[in-house]
Amino acid sequence: MGRVSSNRRRSDGESSSASAVVAEGTRDSHHKRAKLYNDFDGFHCKSSASAEYGEYDNFQGSSLRSNKMYLTDDLLHMVFSFLDHPNLCKAACVCKRWRTASAHEDFWRNLNFEEWNISAEQFEDICRRYPKATAVSVSGPTVYSLKVKTISSLRNLEVLTLGRGHIADSFFHALADLSMLKRLSINDAILGSGIQEISVNHDRLCHLQLTKCRVMRIAVRCPQLETMSLKRSNMAQAILNCPLLQELDIASCHKLPDSVIRSAATSCPQLVSLDMSNCSCVSDETLREISLNCANLSFLDASYCPNVSLESVRLPMLTVLKLHSCEGITSASMAAISHSYMLEVLELDNCSLLTSVSLDLPRLQNIRLVHCRKFADLKLMTIMLSSILVSNCPALHHINITSNSLQKLAIPKQDSLTTLALQCQSLQEVDLSECESLTDSVCNVFSDGGGCPMLRSLVLDNCESLTAVRFNSTSLSSLSLGGCRAITELDLTCPKLEKVVLDGCDHLERATFCPVRLSSLNLGICPKLNRLSIEAPSMVSLELKGCGVLSEAFIKCPLLTSLDASFCSQLTDDCLSATAASCRLIKSLILMSCSSVGPDGLRSLHQLPNLTVLDLSYTFLLNLQPVFESCSQLEVLNLQACKYLTDTSLEPLYKAGALPALKQLDLSYGTLCRSAIDELLACCTNLTDVSLNGCVNLNWGCSCGQVDYLPAVSTPSGPCSHKNFPESSEQSTRLLENLNCVGCPNITKVVIPLRAHCSHLLRLNLSHSVNLKGVDVNCLKLCFLNLSNCSSLENLKLECPRLTSLFLQSCNVDEEAVEAAISKCTMLETLDVRFCLKISSMSMGRLRAICPSLKRIYSSPSAS
C-alpha cells in the first residue's frame, strides 16, 4: 500500500509540475482565465477549476456509473492522446484520476517549449520528470541558462531544437552523452564565445542544422551525418569530417572563402546535393574539384555566384542545376551543361550575358529563362520536356523546341519573337499573347502538319503583326485573336473549333469559317467585314449587328435559330433568300436598318416555318403583304420608325385576320394615322404587347373637343367603330397586357373604362407625354402605371385595386388628386412623386395613412 501511495503521489506531482509549467506559458501567451499556482517543492496544482470540479470524484462514482458513462483507463488514455500539452494540463485539474492519466509519459515524449515562457528551473524539472522524452524544443532566454546536465539526463533524446540564445562551449562538449541523438537544429544563436572554434562530435548524429548562427570557426566530425545546413551563418572556417554526408547547404555563407568551400565539399565523397548560392567567392576551379571528388552529385545551386562560368566542368550525374544571376554564364557554358545528360531541371534566370541556348538533353523536363536581356535564340531537343518558362527576354526572336511530353507552352510578351518552330506531339495549349512581331507564318506551325497534332487551345491576343490568319487544324477547339487589329483576312478550317474570340479585330474584311463546331458567333465587332462564309452544323446563334458593309454572306447552319443582322445595310435579298434556304430552323430574325432588303427577300421567309420573331425597324418598306403571306406563325413584329408604311399597310391585320398568332407589335415612331391605330387596337384582341412610343398622330382626347376612350373591342367581321361596345364575352375581351405610349406629344387625355374590356392589362406607360392632362383608368389587373414627366397632368382618377407601382415624377398633379387616386389602390407599394411642385414633402404621412399598403414613397425634399 505504501508503494502504491508513493507512486500515486509521484504521478500527481509529475502532472502538477507539467500542468504548472505549460499553464503558465498559456497564461503569458494567450491570457487564459484560469490561474495556476505552482510550488516546485511539493508540486501542488490549484486552479479556479477546482471549485467547479471539487466534488467530481464523488460525482463520478455515483452519477456517472449509474448512467454507464464511466471511462475505463484505456479509453481515457485514448481520449487524452488527442490533446496537446495545454489541454492536458487543464484536464489534470478536473480530478485525481484525470491528473494521473494526463501525466502518462506517452503524452510527454515530445517536449516543445518554443512558444512558452518557462524558466530554466521549470525546464529542468520537466526533463527530470520525463526522462524518456525523445524530442525537445527550447528557444529564447531559457537557452542562455540551460544546463548541460539537464539535456544529458534525457538518454532517449533523438531530436533537439534550440534557438534565439547563447549556447556555451560546454553544450557541444556534452553532446556525446546524448548517445541516441539523431537530429540537432540550432537557429539564430551565438555559438560559444563567438571567437574560438566550435567542435561538433557525435557518432550517431544524422542531421545537423546551424542556420543564422554567429561563430568564427566550426569543425564537424560526425561519421553518420547525412544532411547539414550552415545557411546564413557567418563563420569564416569550416572543417568537415563526414564521410557519409549527402546534403550540404552553405547558402549565403558570405565569409567562407573559395578554398574552404572546396575543401569542405571535396571531403564528402558521397555528396548528392550542394547549395552554395550567394557564395560569391566560388570559382570554376572549385566546381571542377567537386566534380572529380563527388561523382554522385545530382543537385547543384550556384545562383548569385558571379565567377561561375562552368568552363571545363563536367557533372554527368547532375539532375537539377540552378544558375540564377550568374554573370559568367554565356552561350559557351552550354557546352558544359550538355555533358549533364541526366539533367532534368535547368534554371537560368537573370543571366545577363546569355545570348543563346542550344541543348540536346534527353531527360530535361523543366527549363526557366526569365529576365535574360540579351537572350535571342532558344533551341531545345528533349523528348521529356514538360514545362518551359520564358519571360521578359526582350531580344528573343527565334524558338525551336522538340518534345514529346510538352503539353502547355506559354511565352507571352516577347516583342521581338518572329520565328517559331515546334515539334511537340503532345502540345495542347499555347499562349503567345502580346508577341507583337509574330508574322502570319506562325499559322503553319499550328495547322495540320506543322508539328502540333494535338493542339486544342491557341491564344494570339494582341499579336499586331498578324494580317492574314489561316488555320487548317483537325484538333483546334479554342482560338483567341483579341486585339489583333491588323487582321484583314481570316480563314478557319477547324471542324472541332468551339470557341473563337475576335474582340478588337475591327479591320477584318473577309472571314471564312468552314467547317467549324461553333454554337454561337458574334461578328458585330467587325464593322469592316464585307464577305462572310460560315459552315457550322452546330451553330444556333449568329450576330452580325453593325456589319454595315457586309454585302456577301454564305451561311450554312442547319441548326441556326437566331440571326441578328441589324444595321447590315448592304445585305441584299439574294443573301437573305440563300440564308433562309439553308437555315430553315430560324425562329428569330432581326433585320433592323437593313435598307437593302425588299419584298423579294421577305417572300423568301416562307422557307422558315418556325419564324416567330421578326424585326423590320428602320427599313424603307412600303408594303407588308410579303410578311403577311410568308410568316403565318409570327408572334413578334417590330416596325419601329418605318415611316414609309401607309395607313392601309396594316389593314390585313385587323380586317383579314392576318398573322393570327401575333402577340407583340411595335409601331413606335411611325406615321400611321389615328384611325388605323384605333382600328388595330379594337380588332386585334389577340395582341398582348403594343408599343406606340413617339407616334405623333396618336391624338386621343383631341377629337372636336370630345373626350375619346381607348378604342372599344370589335371583331374583324364587323365595323370597327369605337362608338359600339359589344357585350362582354371571352371572345371579345382584349388579351392586351402591356401598352407603351411613351413620348406621344398629341395625347391629351386617356380614358380606359371597364367597357374597354382591358381586363388583362398589367402595365401602362404614358411617360413623357407632355400634353397629357387627364388620366381615368379602371383596370382590375393593372399593376404598373408610369406617368413620369407628363408635365401637364392635372386630373388623375384610378380604380385599380391591384396597382403596386405608380410613377408621377415631374407631374403637375396636386395633393388632393393624388390622395383621391391612391385611395382606391389598396395594393399600392411604390409611389414616386419627385419633382411634383404641387406636392409637399410634409404630406407623405397623410399619403401613407390614406394608402396603408405603401412601402416606398419617393419625394423631393425641396418640394413645396
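This is a predicted model: local features need pLDDT of at least 70, side-chain atom pairs count only at pLDDT 80 or more; totals for chains, interfaces and linings use all residues.
Strand β11 (residues 217-221) runs parallel to β13 and is joined to β13 by 5 bridges. For Ile 218, the bridge partner in β13 is Ala 238.

## A buried isoleucine

Ile 399 counts as buried because its relative accessibility is 0%, and buried means under 20%.

Which residues does Ile 399 touch, leaving aside those up to four places away in sequence? The contacts are Leu 378, Ile 411, Leu 417, Thr 419, Leu 420 and Ala 421. One of these, Thr 419, is 20 residues from Ile 399 along the chain, with 6.4 Å between the two C-alpha atoms.

## Aromatic pairs

A pair of aromatic rings is described by the distance of the centres and the angle of the planes. The count for this model comes to 5 aromatic pairs. Among them is the pair of Phe 80 and Trp 98, which is edge-to-face, at 5.5 Å centre to centre and 85° between the planes. This pair links distant parts of the chain: Phe 80 belongs to helix α4 (residues 73-80) and Trp 98 to helix α6 (residues 96-102), 18 residues apart. Phe 80 is buried at 3% relative accessible area, while Trp 98 is partly exposed at 21%.

Now for Phe 620 and Tyr 644: their ring centres are 5.7 Å apart and their planes meet at 80°, so this pair is edge-to-face. With 52% relative accessibility, Phe 620 counts as exposed.

## A charge over a ring

Arg 763 is placed over the face of Phe 784, at 4.0 Å from the ring centre.

## Cysteines

How many disulfides are there? The count comes to 0. Take Cys 836: the nearest cysteine sulfur belongs to Cys 811 and is 5.3 Å away. A disulfide needs sulfur atoms within 2.5 Å, so Cys 836 is in none. Cys 836 is also buried, with a relative accessible area of 0%.

How values were computed: Residues are numbered from 1 along each chain as its sequence is written. Side-chain values use heavy atoms; hydrogens and water are left out. Two strands pair if DSSP finds at least two bridges between them. Helices (H or I, at least four residues) and strands (E, at least two) are DSSP runs, numbered from the N terminus. Buried means under 20% relative accessible area, exposed over 50%, partly exposed in between (1.4 Å probe, protein chains only). Contact means heavy atoms within 4.5 Å. Rings of Phe, Tyr and Trp (its six-membered ring) pair if their centres lie within 6.5 Å; planes under 30 degrees apart count as stacked, over 60 as edge-to-face and the rest as tilted. A charge sits over a ring if NZ of Lys or CZ of Arg is within 6 Å of the ring centre and within 35 degrees of the ring normal.
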